[in-house]
Amino acid sequence: MYESKDKMVSHPPHYQSKSGLEVIDVIKAFTEGLEGIEATDTGNIIKYACRWKNKNGIQDLEKILWYTQHLIDILKSKEDVCNE
């Protein structure tokens with residue numbers, strides 16, 4: 001696996017918990033079995049939820065809302081197609 005000497009590339013602190021848990025590992029665990037846009041939106045929701053306090057504050061919280069609504073819209077459209 002590629003590792004950069006620059007920690008901001010490979011292990012930025014805003015993507016790590018105080019115990020050293022990395023967001024990428026959390027995303028991997030919680031998107032297992034998801035595909036495509038469902039995995040992408042879920043991963044982004046997790047990413048922004050984990051970093052908001054140490055990175056972009058309210059902007060990251062708004063991104064959580066955006067990706068959540070996007071995922072809801074996708075899932076509802078799939079339900080509509082199945083119910084036709």
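**Entry 1, salt bridges.** I note at the outset that this is a predicted model. I looked up the salt bridges and found that the structure holds 2 of them. In one, the side chains of Glu38 and Lys78 meet at 2.6 Å, N to O. This pair links distant parts of the chain, since Glu38 sits in helix α3 and Lys78 in helix α4, 40 residues apart. I then checked the accessibility of both partners: Glu38 is buried because its relative accessible area of 17% is under 20%, whereas Lys78, at 43%, counts as partly exposed.

I turned to the salt bridge between the side chains of Asp60 and Arg51, for which I read 2.8 Å, N to O. Are these two residues buried or exposed? Asp60 has a relative accessibility of 0% and therefore counts as buried, and Arg51, with a relative accessible area of 7%, is buried too.

Arg51 lies in helix α3, which covers residues 36-51. Besides the salt bridge to Asp60, I found a polar contact of 2.6 Å that joins the side chain of Arg51 to that of Tyr15. Leaving out residues up to four places away in sequence, I listed His14, Tyr15, Asn56, Asp60 and Lys63 as the residues that Arg51 touches.

I followed the contact list of Arg51 to His14, which is found in the loop between α1 (7-10) and α2 (23-30). His14 is buried, because its relative accessible area of 11% falls under the 20% limit. With the same exclusion of residues up to four places away in sequence, His14 touches Met8, Cys50, Arg51, Asn54 and Lys55.

I looked for nonpolar side chains on the surface and noted a patch formed by Trp52, Ile58 and Leu61, which together have about 280 Å² of accessible area. Of these I checked Leu61, which lies in helix α4 (residues 58-82) and is partly exposed, with a relative accessible area of 33%.

How many disulfides does the count give? The count comes to 0 disulfides, with sulfur atoms having to lie within 2.5 Å to qualify. I also looked up two cysteines by accessibility: Cys50, one of the residues touched by His14, counts as partly exposed at 40%, while Cys82 counts as exposed at 66%.

Note on methods: Residues numbered from 1 in each chain as written. Predicted model: local features only at pLDDT ≥ 70, side-chain atom pairs only at ≥ 80, totals over all residues. Heavy atoms only, no water. Helix = DSSP H or I, 4+ residues; strand = E, 2+ residues; numbered from the N terminus. Polar contact = N/O pair within 3.5 Å; in protein donor to acceptor, adjacent residues only side chain to side chain. Contact = heavy atoms within 4.5 Å. Patch = residues over 30% accessible without salt bridge, like charges linked within 9 Å, V, L, I, M, F, W, Y side chains within 5 Å. Areas by Shrake-Rupley, 256 points an atom, 1.4 Å probe, with all protein chains shown as cover. Salt bridge = Lys/Arg side-chain N within 4 Å of Asp/Glu carboxyl O. Buried < 20%, exposed > 50% of the residue type's maximum accessible area, 1.4 Å probe, protein only.
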